[in-house]
Amino acid sequence: MPLYLSRFSYTPETWARLIGHPEDRAKAAQSYIESVGGKLHGFWYAFGTHDGYNLWEAPDNVSMAAVALAISGGGALSSFETTVLLTVDETVEALHKAEQVQYRAPGA
């Protein structure tokens, strides 16, 4: 199954709610991805541009998009970005296929 890396930031209101009622949001994230047949591999909070990161596994892009849309539509986040991750083998396969692409640079 494909892997996905998500970066998210909470709204100030969400932080205020979590301060008043601390909870493990990894459990919620796990239930979201499991509802589409996926798995949560990790949930981390961080300093910096984003408040946290998730590593997910989902059956396909549509399933991951459904989870991302549901989370984004919930209103607790100020940002939510997801990146599809490729294995080394997938990248090597893409490199081989890239040889077949007849790319032309702009203006060339």
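Student: Which residue in E4 is the bridge partner of Leu3?

Tutor: The model is a predicted one. E1 and E4 pair in the antiparallel sense, and eight bridges join them. Within this pairing, the partner of Leu3 in E4 is Leu85.

Student: Which strands stand at the edges of the sheet, with a single partner strand each?

Tutor: The sheet is open and consists of four strands with antiparallel pairing, arranged in the order E2-E3-E1-E4. Each edge strand has a single partner, so one of its sides has no neighbour in the sheet. From one strand to the next, the twist averages 15°. The strands at the edges are E2 and E4.

Student: Which element gives the most to the largest nonpolar core?

Tutor: This core has 17 residues, and those touching the most other members are Ile33, Leu40, Phe43, Trp56, Met64 and Phe80. At least two residues come from each of E1 (3-10), H2 (25-34), E2 (39-45), H3 (61-73) and E4 (77-85). With four residues, the element that gives the most is H3.

Student: Leaving aside neighbours within four places in sequence, with which residues is Met64 in contact?

Tutor: Met64 is among the core residues that touch the most other members. Once neighbours within four places in sequence are set aside, the contacts of Met64 are Tyr4, Ser6, Ile33, Trp56, Ala58 and Thr82.

Note on methods. Residues numbered from 1 in each chain as written. Predicted model: local features only at pLDDT ≥ 70, side-chain atom pairs only at ≥ 80, totals over all residues. Heavy atoms only, no water. Core = buried A, V, L, I, M, F, W, Y, C linked by side-chain atoms within 4.5 Å. Buried < 20%, exposed > 50% of the residue type's maximum accessible area, 1.4 Å probe, protein only. Contact = heavy atoms within 4.5 Å. Pairing = 2+ DSSP bridges. Axes fitted to C-alpha atoms, helices over the stretch in contact; angles between N-to-C directions.
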